[in-house]
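Dear colleague,

Please find below the structure for your review.

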Amino acid sequence: MSRLTDLIAQAKAKDSKLGADLDREFKVLSSRLPFGLNFERHSPEAVELPLRPIRKGDKVRVLPERGSAKKGDQRLWQVKAIHKAKKLADLELLGAAVAETKSVALEDLVVVAEFRDTIYPGLVSTGKVERGGDKPYHTVINGENYHVLKALTYTYRGKVDAIYIDPPYNTGAKDWKYNNDYVEGDDLYRHSKWLAMMERRLLVAKELLNPADSVLIVTIDEKEYLRLGLLLEQSFPEARIQMISAVINPAGVTRPGAFARTDEYIFFVFMGKASAKPVPLGDDWRINPEDKRTTKILWSMLVRTGTNARRVDRPKLFYPIFITTDGSAMHSVGEPPALGIDRQTIEAPTGTIAVWPIRSDGSEGNWQASPPSLWKAYEAGFVRLGKFTEKGMSISYLKAGEQKKVRDGVYRTIGKRPDGSVVVENPETQKRVIPNTAWRVGAHDASRHGSNLLKALIPERKFPFPKSLYAVEDCLRFFVIDKPEALILDFFSGSGTTAHAVMRLNRQDSGRRQCISVTNNEVAADELKALREQGMRPGDADWEKHGICDYITKPRVAAAITGKTLDGEPIKGEYKFTDEFPMADGFEENAEFFTLTYEAKDAVNHNLAYARIASLLWLRAGARGKRIDKLPVDGWAVADTYGLLTEVDKATPFIKAVNKAKALRVAYIVTDDDRRFQAIAKRLPDGVEPVRLYESYLTNFSFANGE
Ligand SMILES: C[S@@+](CC[C@H](N)C(=O)[O-])C[C@H]1O[C@@H](n2cnc3c(N)ncnc32)[C@H](O)[C@@H]1O
């Protein structure tokens, strides 16, 4: 390596920039782990923002001519001046050894955000559907997910209960773009580009998950599952990770000379104390339909049978259990007498009868549990007393595995017997199970319950490979069944299956779970070609309306809620499995649609700047009830879940109003003066979180690079 250091020093002497670049790459290389995942990070990642107006100082690309199928000039330029009247911009080439400038029509430019640039995100509402009364709103955000995730670190840091993502699988068949370019099968860097893209997003997503108890669920197939597994281990070293194999295409995709593919994989990353909860599952979840092991709770005889079952084999497990004379309760357990001591000589406490482990042939035996663990089991309701007979009493108990199933809710306790033992729900009507790692469930068929279901909701609009609605519902159910207010995020939401699944879960237990769906407005590869040929370009209204978010995600979520197709027709068909009802019934839920915007840091118009962050404040306070959309003229305003104080000398009437509002949880206080903020924060009632905002609104939400 010293030879390399030498060479780098020589390069530095000749060309300092080249030397510094080489040095940096060398350091990255030498800091890599000897094992695990080594990949090129491909910095910086960049994204084109066709909807963003061009401003002085922006980085831009020059678009290819309309109608052209060419990739166009990929170089980055900086806008030096804008001539509004002439609709022109003066550009200077970035990073060029020899300066190059030119003037280009504004309409031929597109802004480019590199991921190391600081951004000032905003949200603009583009519509809503309301059928859910005061329930929180599901949100669908149209945007580059890396930037949306960054913005969500303000609203949901550490608050998300479950993330479900189905990222592009990197099939090589134009299923995703890196830096505005499809990653194709022959791209030598296709795995590292995919890993770099995933790693950046997973690391921000991690900041959103509740570290104490949450789950990340990622689906993947044969193309990237090995690399994804390593990436997850590397990115979530503190978590437990499991991989499920799930059949999603029972017919199978033929692989010549190899096995037809029927399944894909689902990684579950358990954060903190997160665990899969037992849930009621149908018989198709059993690999072996004959397997009835989980359907009945198993009480075992306390007296040991078989081998090692004589007193002499385990003398410490030969001890008296003192039962009250009416046979209704265990009074206490005695000490095991030494071998050779006659059990008849041990006296039972008054009012009790000693029961000893006596075998069926009348000889002395032993119990299956030690005195302390038996007593513990008794106290927990895991010991059942039989009737007195001349041999004593037959006592049964739950072994450790069965005890755990009761504790975990596999068998739900519905009462206690007079002896204190638990009564569990009839196993025939209620089978709560944590399944094994191989899922072969008809409901998870992506074509029948993904593509076909989507066709019923938004006829005529095609989306490639949506998940089965019921597969997503099932994945989430294990983690949110006991969290009726869970916050769920999908930042590769595609057609919006996750939001739909969350609505179904809510209907099943009157939950108020909330789903945030993020997806970009990419146009599908075949559509893109057709639109280009028609002379259209990204940013044109006719192009953007064909983007996934506007064309598929938002209409699908709206249709699911209203129960009507885009033409206002009732949706045909029925929901199946766990909760069967006509799709035309829709859901009593609310949803609001947003587009991510990129604001200029120096926005001088406070009203406009505030309007762009208004939704972020509302989201942070729970995304329900009214929103404060404009700066209040009185210097303060109070909505259902939050208040906003913009003039600190109006603190007194503001705090009075905050005290009156019952569901209020956040008070935003706008001041650049820390002491004044602290003084007002102290006066707020308990349970109201004070949050400080800077007077230049956009700086509250500036997100520096993550590269
Ligand atoms: C495989 S699909 C998800 C399908 C979804 N699970 C369903 O059931 O419909 C992945 C989606 O992520 C979106 N996507 C890919 N890269 C993205 C990015 N950087 N930002 C936002 N969305 C992205 C794509 O538009 C695509 O619709």
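In this predicted model, the side chain of Ser495 places an N or O atom 2.6 Å from an oxygen atom of the ligand. Asp166 has a polar side-chain atom 2.7 Å from a nitrogen atom of the ligand. Lys467 instead uses its backbone, of which an N or O atom lies 2.9 Å from a ligand oxygen atom. On its own the ligand has 610 Å² of accessible area, and the protein covers 90% of that area.

The surroundings of the ligand comprise 18 residues, of which Asn145, Asp166, Lys467, Ser495 and Thr497 are the closest. By residue class, this shell consists of 8 polar, 6 nonpolar and 4 charged residues.

I also examined the cysteines. How many disulfides does the structure hold? The number is 0. Cys515 takes part in no disulfide, and the nearest cysteine sulfur to its own, that of Cys549, is 12 Å away. Cys549 is likewise in no disulfide, with the sulfur of Cys515 as its nearest cysteine sulfur, at 12 Å.

Yours sincerely

Conventions. Residues numbered from 1 in each chain as written. Predicted model: local features only at pLDDT ≥ 70, side-chain atom pairs only at ≥ 80, totals over all residues. Heavy atoms only, no water. Disulfide = S-S within 2.5 Å. Near = heavy atom within 4 Å. Polar contact = N/O pair within 3.5 Å; in protein donor to acceptor, adjacent residues only side chain to side chain. Areas by Shrake-Rupley, 256 points an atom, 1.4 Å probe, with all protein chains shown as cover. Nonpolar A, V, L, I, M, F, W, Y, C, P; charged D, E, K, R; others polar.
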